[in-house]
Amino acid sequence: MAKSNLFSKIKGFVRSDAFIFLLPAIILIIVFYLIPIAVSVYMSFTPLRNWNIQRYIHEFVGFENYWRFFYMVTHDPTVQPIFITTVVFIVVTLIVNVLGGLGLAIATFFMGEKEASGTQLLWLLPRMTPIAVYSMIWYYFFHGSAIGTLNSILMALGIIHHPIDWGQSIIPWGPWMIIIFVNGLVGVSYGMIVFTSAISNIPKELVIAARVDGASNWSITKNILIPLLKWHIVYVTTWQMLSLLTTYDHIFLLVEWGLVNRYWGTTWALYIYNMAFTAAEKDLGLAAAAGVILVIVGAVLGLLALKIMGFDKMVKEPRGDI
Amino acid sequence: MVVVRLVNVTKIFKTGVVGVKDINLTVNHKEFMALLGPSGSGKSTTLYLIAGIYKPSSGKIFFDDRDVTNLPPKDRNIGLVFQNWALYPHMRVYDNIAFPLRIKKLPENEIRKKVLETAKMLRIDKFLNRYPWQLSGGQQQRVAIARALVKEPDVLLLDEPLSNLDAQLRISVRAELKRLQKRLGITTIYVTHDQAEALAMADRIAVINNGRIIQIGTPEQVYSKPATIFVGGFLGNPPMNFVEAEITEEKQGLYMLLSGQKLTVPKHYEPLVRKAGLRKVVVGFRPEDTAVIPECRETGECIKGRVYAVEPMGREYIVVVDLGGDLVKAIVPRSLVLIEDQEVCVCPSLEKLVLFDPKTEKSLETLYAEKT
Amino acid sequence: MMSAGLRDIELRSRRTELLLVATVLIFSIPLILGYGLLILSSFSKEMVTNLNPHDFIPTLRNWILFFEGRTAVFGGIRVNIWHIVLNTLIVALGVSFLVTLVGSMTGYAVSRLKFSGRKRFMALLMLLHAFPGSVMVVGIYFLYLMFLPSYQLVRFYSFFFVIVARASLEIPMATWLMKGFFDMIPWEVEWAALVDGASRFKVWRKVILPMVKPGVAAVMLFGFLAGWMDIIYVRTFLVDQTLATWIESNINAEYSYLPLVAAAGTFYLLPTIIFFLLAQRLIFTISATGVKG
């Protein structure tokens, strides 16, 4: 009975107007999200190496890749740092992102229009910059030799006397600082955009009424803006946390170019990519197993995020019955 | 004692839009002054200039003899109520009212005393623990007023505080607000686009249009002696009737020709018409000062017309009469039975009608007063 | 009635405002330095990232070389840089087109149509964001290898594949964005057209879509930038080089002449800057609609 019910539901959907509009998206989501994940799950049970599909794809090793992965996480000194780095990276960058975005949104609110739009432009730049150019900029900024901007500034100020190889010699703080800085700047703009538009939706009279009562910038921020942005802060925090868990493209080149340490500058997501594509010995079964666990973590956190944001209440039904 | 004085105040916005131009206005101590005008006329701009939210482009603003032109709002000791009341949605009623006092860093027990006092006065002391969205419109509006009054301001500024209420409530709050203002004796400036509100509450009304003050006077003055056609047409419901007429001279005196029929120029207007040397005037008369009679006599006091429509309004009827193309309205008792297309005679009260110059649209009195 | 621009009272102290601007500027120093030095280096004979004024020898040679299509001064792999730019452009335009088409269709359905599982579909769109890109790339590469065509078609196939795969990544963003725009169109407009007998598809195409032109423009721009800036998908799937992979391989290469790379990087940055000039207001107004509801 239940089956035929589902069948008729699907049949109804296919005949509805919505089907035509959703078809392209559904195809793309199935082909490029769901099937790849399913493939990854399949791969995680095979001993696939170096993309030699014909050779390995019909062999099954059960949960061996998973056991190997757990063993490496707990015992391998080259894999352990990746998980410590991932946790530190997510927590610190998240704080930088949310506070930075909030700070910028509030600061620009109290500025004149020209200054505000200038600031917004400047801080949006990292998100919109081609990743290769963006990585190149920070590659030179943090470069370990005397051509690095940071080194030359500190040397000119007399704080240090020899160039410091930030990403390779000060382990783990150097590479952490760099990847957090580089990703932090990209993430800040997301919070800034969301908070800025949320603030612009607050009735202007609230702020002006407080001004008439003599409120300062700080007390307007504390008593009016932040309480009214509560929902948005939760939203940005959870959304940004998911982004940070899965992001790897802004770190990729920094590791490849040797700016940061391969072990203490790599996050979980990047580890999977490198294991599958750039490692000398591409251990795909292992990469897939690590990936499947990451998918599970992401899905759990994502569902949690939707709960926290009150997603159910956000969705309005369309009007009318046509 | 606070007298609010605006001297030649002009506000031009960055966009180049002229907010107000050359405003001169004095609001006396304890006075209830209404700023009346259509939307976009500059009345709210005037209020925000007085509050210090806008900075005048030129001109000065005084509170008594103190020049406050460049003083930020917090140093002016004003209470301000917005059209949407601007209650803080995340604060309880108590905290909303206490907010201005907390900014002043008053001790908490003193805040408590003052908030309770004000809340009691406005009969919202039962709702202090609720959030604004849990209150009705009328209650929210009281909270907004309480928040403005709690800091004992020298001047109370109200920006259309009643326009978000439904019609029934608006009328009952009107009387209440007026009593409250008289009891507290605070100089009050009240912005509204509702002429009935201004007439009912204000001691004096300043009518604003296109960024300029057109007339200042008591409700009685503004209503019965409008300075311009705009004022006459803006106040009253239904508004004043306006009909263009030609001036002719005969042995007995001056007459006005309305669609070929004669109407005597009132005696007190004769010298003004002669002095101005006008060939044409606009005759303004209020519907309630206009009699409609079924039979006409040649007296120079009435004009023949045809009934265009009859609108029963309950207590009385409004008759729309077609005077050779001009539609005029008159209020008649219910006992008078009229039907459409019936010929009738319209007789405006000669003592109460107002004559305007068609070119400048100003009343002849104003025109004359300006000339001397 | 308040003038549209007013956010705060006009009579407030300039001093705190200047203090704010100064604080923000201090935090922005690395950003300004980073971008500034890159652009400056592209006009110099030596890289000036060390802030040494003696290294700044103004020249247009880098740009001249770049516009001549040279990728290196001596030796190295001689690829005409304009081929690389063209490759980048093909990917960007392809992604932009696909994202706009699919995003505006899906956004419309989600905003306006009732269908069973609507809520779940919207939740799925949000959840897709939590899908780790790197895991998906592994699976997608598997598919890529499975359907690899004959040798002659591989380049064409890789372009097609990279465009479709990269566009899919932007579908959730584009859908939410377009939904925000569709939500703002009064229902009555749509009802009027439906009552007149138009089909849903016609309503969408002829009535609603023209009303959300700013939204379409925004999605097109975002889609273009996504394709233009991408490195991971391009380096994984595309046989040909784009500006991203070219820079990737040139930073550490011995034959590369770095100021020329800086010029290429600056050129690569140009659409971003143009985008800014076009669409700054847009970003902030749309995100207001996209986030909630």
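**View 1. Helix H1 of chain B and the glycine that follows.** H1(B) is followed by B:Gly52, a residue whose phi is positive, near 95°. Helices such as this one are DSSP runs of H or I with at least four residues, while strands are runs of E with at least two, and both are numbered from the N terminus. The model you are looking at is predicted, so local features need pLDDT of at least 70, side-chain atom pairs count only at pLDDT 80 or more, and totals for chains, interfaces and linings use all residues. Residues are numbered from 1 along each chain as its sequence is written, and chains are lettered from A and ligands numbered from 1 in the order in which they are written.

View 2. Why is helix H1 (residues 43-51) of chain B described as largely enclosed by the rest of the structure? The reason is that nine of its nine residues are buried. A residue is buried if 20 or more other C-beta atoms lie within 10 Å of its own, exposed if 12 or fewer, and partly exposed in between, with C-beta atoms placed from the backbone. Among the buried residues of H1(B) you can find B:Lys43, B:Thr46, B:Tyr48 and B:Ala51.

**View 3. Where chain A meets chain B.** Here 14 residues of chain A are in contact with 15 residues of chain B. Two residues are in contact if their C-beta atoms, placed from the backbone, lie within 7 Å. On the chain A side, helix H11 (204-212) and helix H12 (217-228) are the elements that give two or more residues. H11(A) gives the most to this side, with six residues. Sorted by class, the chain A side has nine nonpolar, two polar and three charged residues. Ala, Val, Leu, Ile, Met, Phe, Trp, Tyr, Cys and Pro count as nonpolar, Asp, Glu, Lys and Arg as charged, and the others, Gly among them, as polar.

**View 4. Where chain C meets chain A.** This contact takes 89 residues from chain C and 96 residues from chain A. H1(C) provides the largest share of the chain C side, 13 residues. That side divides into 59 nonpolar, 21 polar and nine charged residues.

**View 5. The two domains of chain C.** An automatic or database domain assignment provides the domain bounds, and chain C is divided into domain 1 (14-67) and domain 2 (81-291). Their centres, taken over C-alpha atoms, are separated by 31 Å. Domain 1 brings 12 residues to the contact and domain 2 brings 10 residues. Helix H1 (14-41) and helix H2 (61-67) of chain C each supply at least two residues of the domain 1 side, and H2(C) gives the most, with four residues.
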